[in-house]
Amino acid sequence: MTRNEQAEPSDALLRETAVPWIGKASYWTPSHLVPSAWHEHAPFMFWLIDALRPDTYVELGSHNGFSYFAVCEAVARLGLSTRCAAIDSWEGDEHAGFYGDEVYASVSEINDRDYAAFSRLIRSYFSDAVAEFPDASIELLHIDGRHRYEDALEDFETYLPKLAPTAVVLFHDTFEFDRGFGVHRLWADLAARHPETSFQFEHGHGLGVLGIGPDLPVAVRQFFAAARREPDRIRGDYARLGSVIESRAERDADLAGSRHQVEVLRGEIEALREHARRLDEAVEAERSRFAEIRDSTAWRMTAPGRRIVERLRRR
């Protein structure tokens, strides 16, 4: 039994506690717990992929790939025909920090190994990659790029024509108000325009869920209807589920840190052993030299040795 299977509730339990915003997928544990500010939203993302079952998923801003790989994992586990694309320059920004090619290399390694059959990474700026997608083709769009208001608005408006009639759009960091974050302003505008098909999670830096298409699937409409009735309960349920993922990510990070420390200590121990070996060799060399000197001195004390030394002195 895998860790994911152990974490999943039984079908009987799900029937007993059935609500339109929790499913078996909500209890999955992501396989790729890479560093991310998105850990706490994985349970909802798993549920959403199961409920929406999109033909096309596009992510604007992937960084280490956590949210993207959560989608890919759900697609694989559910046996869906979803085509996935992650768009990022993989250079970083003022909020995520700037970095080198090592992040892209890590994301590429995981993608090529586990999801290449239906997933592609597009290393590009968002505006340059929009032509990759036909109009009305994207059924799930996740916007998590630059976080200033103008940037988030530009990303949304750029990809708006590409959204399908069944489309849902996710906005991360809708509950961040410092350091120039402006996604919350865009979210407030959109939520006011779509009061019946919008919902915000406040944990995990905030996640806005916007049903933008006129033909949303029944399961998604049921979610928004439940969100209007029981918003606090839905937020509480997913905050608790998300905290489990965050705790596991922290535990794995601590374990990885401990393993790294062990490897460092092993390296230091090996270096000390090598140093000790060289000291032993040096000591052995000194012993040999001492033995040679000792033997030479002893030879000079013999009668033949004394005669030779005396002849040398006379010269």
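Trainee: How many disulfides does a search of the whole structure find?

Mentor: This is a predicted model, in which local features need a pLDDT of at least 70 and side-chain atom pairs count only at pLDDT 80 or more, while totals for chains, interfaces and linings use all residues. Residues are numbered from 1 along each chain as its sequence is written, and side-chain values use heavy atoms, with hydrogens and water left out. A disulfide is a pair of cysteine sulfur atoms within 2.5 Å. By that criterion, the number found in the whole structure is zero.

Trainee: Which cysteine has the sulfur nearest to that of cysteine 72?

Mentor: Cysteine 72 is in no disulfide. The closest pair of sulfurs here lies 4.3 Å apart, too far for a bond.

Trainee: Is cysteine 72 buried or exposed?

Mentor: Buried means under 20% relative accessible area, exposed over 50%, and partly exposed in between (1.4 Å probe, protein chains only). Cysteine 84 has a relative accessible area of 3% and therefore counts as buried. Cysteine 72 has 0% relative accessibility, so this residue is also buried.

Trainee: Where is serine 26 placed?

Mentor: Serine 26 has a relative accessible area of 1%, which means that this residue is buried. Leaving aside residues up to four places away in sequence, serine 26 touches Trp21, Pro43, Trp47, Tyr238 and Leu241; contact means heavy atoms within 4.5 Å. Its place is in the loop between α2 (11–16) and α3 (42–52).

Trainee: What share of the contacts with a separation of 6 or more comes from residues 24 or more positions apart?

Mentor: The protein has eleven helices and nine strands, taken as DSSP runs numbered from the N terminus (helices: H or I, at least four residues; strands: E, at least two). Of its 315 residues, 45% count as buried. For contacts with a separation of 6 or more, the share from residues 24 or more positions apart is 75%.

Trainee: Over which residues does pLDDT stay under 50?

Mentor: pLDDT is the predictor's confidence in each residue, from 0 to 100. The protein averages 87, and 82% of the residues score at least 70. The model has eleven contacts beyond four places in sequence for the stretch where pLDDT stays under 50, namely residues 1–6.
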